[in-house]
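Me: I have a structure open and a few quick things to ask. Can we go through it bit by bit?
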Amino acid sequence: VYVVWGSTYLGMRVALEGFPPLLLGGIRFLLAGGVLGAWVAVRERPAFPAAAQWRWALLTGLLLFCGGNLGVLLAETRITSGAAALLAASLALWMVLLDWLRPGGVRPSATMVGGLLLGLLGVAVLVGPGELAGADGVDPVGAACVLLGSLAWAGGSLLSRHRARPGSPLLGSAMQMLCGGVLLMAMAIARGDVTRALA
């Protein structure tokens, strides 16, 4: 988990040296959603998703990718990838809190809260204090981007459980990535990121 999950933060940091955040996110999720969607179409041959399912994918894709993932991308222009990984671990706390606050939500037990805090401590130990501190400490704007992004990701994840998603989980993921990728690419085009990247 540490290698696969944690390495994405380093990968994003490296990719940001060649692409602005919006364009990087748009390319990443359009490609991933397109490949996954094509694979599902060939393997599962599902019916074309209904309009309600596309609305679900648009909303959850907005929260997951334009909120959650973009928050990390923006943050990594200001903070180290290790600090981003640690702050993104707050996702578990947001998930528990939002699930508790929603109508009919589940109150976390003391054991669950203790486990969450122990998990955050474990991430901090794995990342190490030197990586967290960086040269000048953690930039507060970068930290806020990750924390707000994690909140958006938690909201999108919880919403994914309770709405009009398609029967195939893989198709649902592809739809979310395509919608998120389209939104990110539209923002990148509006900011002129594509024109600057091609120049």
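Me: Is Asp 193 buried or exposed?
Reply: Asp 193 is buried, because its relative accessible area is 2% and the cut-off for buried is under 20%. Keep in mind that this is a predicted model.

Me: Where in the secondary structure does Asp 193 sit?
Reply: Asp 193 belongs to helix H10, which covers residues 193-198.

Me: Which residues is Asp 193 in contact with, leaving aside neighbours within four places in sequence?
Reply: With those neighbours set aside, Asp 193 has contacts with Pro 20, Leu 22, Leu 23 and Ala 188.

Me: Switching to the whole chain. How many helices and strands are there?
Reply: The chain has 10 helices and 0 strands. In sequence order the pattern reads α-α-α-α-α-α-α-α-α-α.

Me: What share of the residues is buried?
Reply: Of the 199 residues in the chain, 40% are buried.

Me: And the surface, what does it come to?
Reply: The accessible surface of the chain is about 10,900 Å², and carbon and sulfur atoms account for 71% of that.

Me: Of the contacts between residues at least 6 apart in sequence, what percentage join residues at least 24 apart?
Reply: That figure is 89%.

Me: Where is Arg 45, and is Arg 45 buried or exposed?
Reply: Arg 45 lies in the loop between helix H2 (21-44) and helix H3 (51-75). Arg 45 counts as exposed because its relative accessibility is 69%, and the cut-off for exposed is over 50%.

Note on methods
Residues numbered from 1 in each chain as written. Predicted model: local features only at pLDDT ≥ 70, side-chain atom pairs only at ≥ 80, totals over all residues. Heavy atoms only, no water. Helix = DSSP H or I, 4+ residues; strand = E, 2+ residues; numbered from the N terminus. Buried < 20%, exposed > 50% of the residue type's maximum accessible area, 1.4 Å probe, protein only. Contact = heavy atoms within 4.5 Å. Areas by Shrake-Rupley, 256 points an atom, 1.4 Å probe, with all protein chains shown as cover.
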